[in-house]
Amino acid sequence: MTNSEPTASRQLILVTGPARSGKSEWAETLAAGSGKQVIYVATGRVDEADLEWLRRLEQHQKRRPINWATLEVPIELSAVVLSGKPSDCFLIDSLGTWTANLLEQEAAVWATTQQDLLASLKSAAADVILVGEETGWGVVPAYPAGRLFRDRLGTLVRLIGAIADTVYLATGGYALNLSSLGTPLPPAGKN
């Protein structure tokens with residue numbers, strides 16, 4: 001079996017929620033329980049001048065077991081997902097940071113990038129757990145870049161949710177299994 005063929009035991013899980021909701025911690029809990037080699041895929045770029053960002057990264061690193069591998073992948077998620085083996089569990093944290101890293105892509109290029117990621121997730125041999133932020137629950141951003149980010153991330157989270165085996169919402173100190181509690185929406189753009 002090649003890495004492009006999904007396996008019966010492969011899981012695709014999306015954990016979404018607002019800021020500071022515990023979504024990363026829940027995703028880490030799921031990864032730890034997978035029984036597989038966990039590869040933490042960090043989409044954030046290290047900025048030595050941003051002390052607050054460095055503290056956040058340090059908090060995440062301290063929570064993770066030392067036997068987890070870490071990959072810094074700010075752009076090429078599709079290739080990483082396709083490189084996995086059935087014995088691997090990728091924990092990708094986060095879709096929001098990845099989307100922000102690619103915000104300057106033209107609409108057509110972004111559409112291709114997004115479709116490439118979706119195709120890689122459908123073909124993955126490894127388990128994949130993705131953390132995605134919910135940014136559209138508040139005020140409409142006043143600036144075009146903020147609106148573009150919110151719209152791209154919202155659409156991406158919805159598209160991944162539609163193909164995920166399980167979708168969790170972390171909020172209010174709980175992780176809710178939306179896949180068992182909710183009703184799937186029609187595919188995006190099909191109403």
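This is a predicted model: local features need pLDDT of at least 70, side-chain atom pairs count only at pLDDT 80 or more; totals for chains, interfaces and linings use all residues.
Tutor: Residues are numbered from 1 along each chain as its sequence is written, and side-chain values use heavy atoms, with hydrogens and water left out.

Student: How many helices and strands are there in the protein chain, and what makes a stretch count as one or the other?

Tutor: A helix is a DSSP run of H or I with at least four residues, and a strand is a run of E with at least two, numbered from the N terminus. The protein chain has 7 helices and 7 strands, and along the sequence they follow the pattern β-α-β-α-β-α-β-α-α-β-α-β-β-α.

Student: What makes the protein chain as compact as a globular protein of its length?

Tutor: The radius of gyration is taken over C-alpha atoms, and the globule rule is 2.2 Å times the number of residues to the power 0.38. For 191 residues the rule gives 16 Å, and the radius of gyration of the protein chain is 16 Å, so the chain is as compact as a globular protein of that length. Its C-alpha atoms fill a box of roughly 45 × 45 × 35 Å along the principal axes.

Student: Why is Gly 96 called buried and Arg 20 called exposed?

Tutor: Buried means under 20% relative accessible area, exposed means over 50%, and partly exposed lies in between, with a 1.4 Å probe and protein chains only. Gly 96 has 4% relative accessibility and therefore counts as buried, whereas Arg 20 has 62% and therefore counts as exposed. Gly 96 is found in helix α4, while Arg 20 lies in the loop between β1 and α1 (23-32). Over the whole protein chain, buried residues make up 39% of the 191 residues.

Student: Which residues is Gly 96 in contact with, leaving aside its neighbours within four places in sequence?

Tutor: Contact means heavy atoms within 4.5 Å, and with those neighbours left aside Gly 96 is in contact with Glu 133, Phe 149 and Leu 153. Under the same exclusion, Val 140 is in contact with Arg 147 and Arg 150, and Val 140 is found in the loop between β5 (127-133) and α6 (144-163).

Student: What makes a set of residues a nonpolar core, and which residues have the most contacts inside the largest one?

Tutor: A nonpolar core is a set of buried Ala, Val, Leu, Ile, Met, Phe, Trp, Tyr and Cys residues joined through side-chain atoms within 4.5 Å. The largest has 27 residues, and those with the most contacts inside it are Leu 95, Val 128, Leu 130 and Ile 160. Elements that each supply at least two residues of this core include β1 (12-17), β2 (37-42), α5 (107-123) and α6. Apart from this core lies another, of 14 residues, among them Ala 27, Leu 30, Ala 31 and Val 38.

Student: What is particular about phi of Arg 20, and which peptide bond is cis?

Tutor: Phi of Arg 20 is near 55°, a positive value in a residue other than glycine. The peptide bond from Asp 93 to Ser 94 is cis, with omega near 15°, and Ser 94 lies in the loop between β4 and α4.
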